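Here are some friendly notes to read alongside the model. Take them in order, with the structure open beside you.

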Amino acid sequence: MSIVTIGDFKNYLQTVANAVSSGKMNVNDAEVKSVLQTIAAAVGEVSATPTANTLADRLKAIADRLGEASANPTANTALARLKALEGYLDGVEAALGTQSDAEATGNGSIIAILKRLRAILSDVWNDTANALNVQLTGSNLEPAANFALSQDVVVTSGSSVVVYSNVDLSKYTHISGVFFMKNNLWPHKITVGWKNSRDSIVVQQEVVETGDAHKIFGPIPIITKNANIRVVNQDTVDRTIFTLDIYGHIRG
Amino acid sequence: MDFRNILEDITGAGEAYMPYAARDGEGNWIDGFISIDFLNANFGQYETASEMKAATTSEGLRLFFDWLVEQGKLPA
């Protein structure tokens with residue numbers, strides 16, 4: 001059968017209404033029956049398998065896709081999918097916990113574990129002071145001398161220069177260093193001139209071997225409380241120091 | 001030229017005073033030391049400051065050779 005639209009219905013009914021209102025009564029039973037049959041055919045029948053493309057058929061298709069509101073909706077219906085989502089959300093909600101959850105030292109809700117983390121971090125970090133409350137294990141290094149990048153020094157060929165003079169190393173047990181040359185590796189030495197109480201160099205210690213490709217050195221045991229740090233350019237051209245940082249190993 | 005004859009080892013490690021050992025970021029010269037063995041190895045074959053300056057691109061070394069001339073330790 002052909003598809004009857006809502007517009008068609010409206011036209012059929014208008015036809016009947018016009019006939020009645022004009023007093024012509026030129027609509028006989030057969031014609032009314034015909035219209036009603038057309039409407040009935042468009043509506044379709046209430047059954048498990050309504051005639052295709054009727055209103056009942058379309059409504060059943062929608063109902064089938066929605067599924068039924070029950071503990072176990074038919075699989076792959078909209079209600080079944082919503083029920084599955086509800087289950088997932090319940091799980092997420094349970095995992096998150098509530099704001100009143102107590103701090104958890106073992107397993108617990110996410111809020112309980114976050115509370116524990118916050119407590120641990122508060123032990124380590126003083127937010128008001130913007131500083132650590134404790135020294136972390138292994139973090140016993142601190143800068144003893146820094147060479148600012150804006151202070152690049154060009155060392156003359158064959159020459160040596162004291163980059164750090166009279167560095168106070170009294171609170172360290174050892175020193176280490178990081179040395180970067182500008183652009184490329186060049187033959188060099190780094191020496192530590194250990195000074196006595198009369199400000200004289202008593203030991204001139206090489207901490208980087210001649211031509212050594214390594215750019216880090218140490219840890220070197222502290223010999224005296226004060227020292228000069230020197231860079232020796234052994235190349236045949238002038239060379240630029242980019243970075244030479246000295247780190248002290250804190251006692252204890 | 002044997003630089004051991006005109007320079008004094010002031011550190012005990014074969015190093016002489018060098019007024020142009022380095023230059024800071026603002027172009028100021030910093031004094032330090034220079035290896036006498038390095039000078040002999042690279043400039044020992046020359047006799048005059050002019051020859052030595054011609055053999056290097058180092059600005060500090062050129063000034064150093066001029067300074068040695070002013071000191072009367074090296075022929076111009």
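**Notes on the two chains and their contact**

1. Let us start where the chains meet. Strand E5 of chain A and strand E2 of chain B pair in the antiparallel sense, over 2 bridges. Strands pair here if DSSP finds at least two bridges between them. Ser159(A) is the residue that stands opposite Ile34(B) in E2(B).

2. A word on what you are viewing. This is a predicted model, in which local features need pLDDT of at least 70 and side-chain atom pairs count only at pLDDT 80 or more, while totals for chains, interfaces and linings use all residues. Residues are numbered from 1 along each chain as its sequence is written, and chains are lettered from A and ligands numbered from 1 in the order in which they are written. Helices (H or I, at least four residues) and strands (E, at least two) are DSSP runs, numbered from the N terminus.

3. How many residues does each chain bring to the contact? Chain A brings 17 residues and chain B brings 23 residues, with two residues in contact if their C-beta atoms, placed from the backbone, lie within 7 Å. On the side of chain A, the elements giving two or more residues are E4 (153-155) and E5. E5(A) gives the most, with 4 residues. By class, this side has 6 nonpolar, 9 polar and 2 charged residues; Ala, Val, Leu, Ile, Met, Phe, Trp, Tyr, Cys and Pro count as nonpolar, Asp, Glu, Lys and Arg as charged, and the others, Gly among them, as polar.

4. Now follow E5(A) into its own chain. E5(A) also pairs with E10(A), antiparallel, over 6 bridges, and Tyr164(A) has Ile229(A) of E10(A) as its bridge partner. E10(A) is joined to strand E7 (residues 188-195) of chain A by 8 antiparallel bridges. Strand E10 (residues 226-233) is largely enclosed by the rest of the structure, because 6 of its 8 residues are buried. Buried means 20 or more other C-beta atoms within 10 Å of a residue's own, exposed means 12 or fewer, and partly exposed lies in between, with C-beta atoms placed from the backbone.

5. Turn to helix H3 (residues 59-70) of chain B. Its 12 residues should span 16 Å at 1.5 Å a residue, and the end C-alpha atoms are 17 Å apart, which agrees; the expected span is 1.5 Å times one less than the number of residues. Gly60(B), Leu61(B), Phe64(B), Phe65(B) and Leu68(B) are buried in H3(B). Seen down the axis, these buried residues fall within an arc of 135°, so they line one face of the helix; the arc is that of the directions from the helix axis to the C-beta atoms. Their cover includes strand E5 (159-168) of chain A, along with E1 (15-23), E2 (29-35) and H2 (49-54) of chain B.

6. Tyr20(B) counts as buried because 24 C-beta neighbours lie inside 10 Å. Between Tyr20(B) and Gly60(B) there are 40 residues in sequence, yet 5.2 Å in space, C-alpha to C-alpha.
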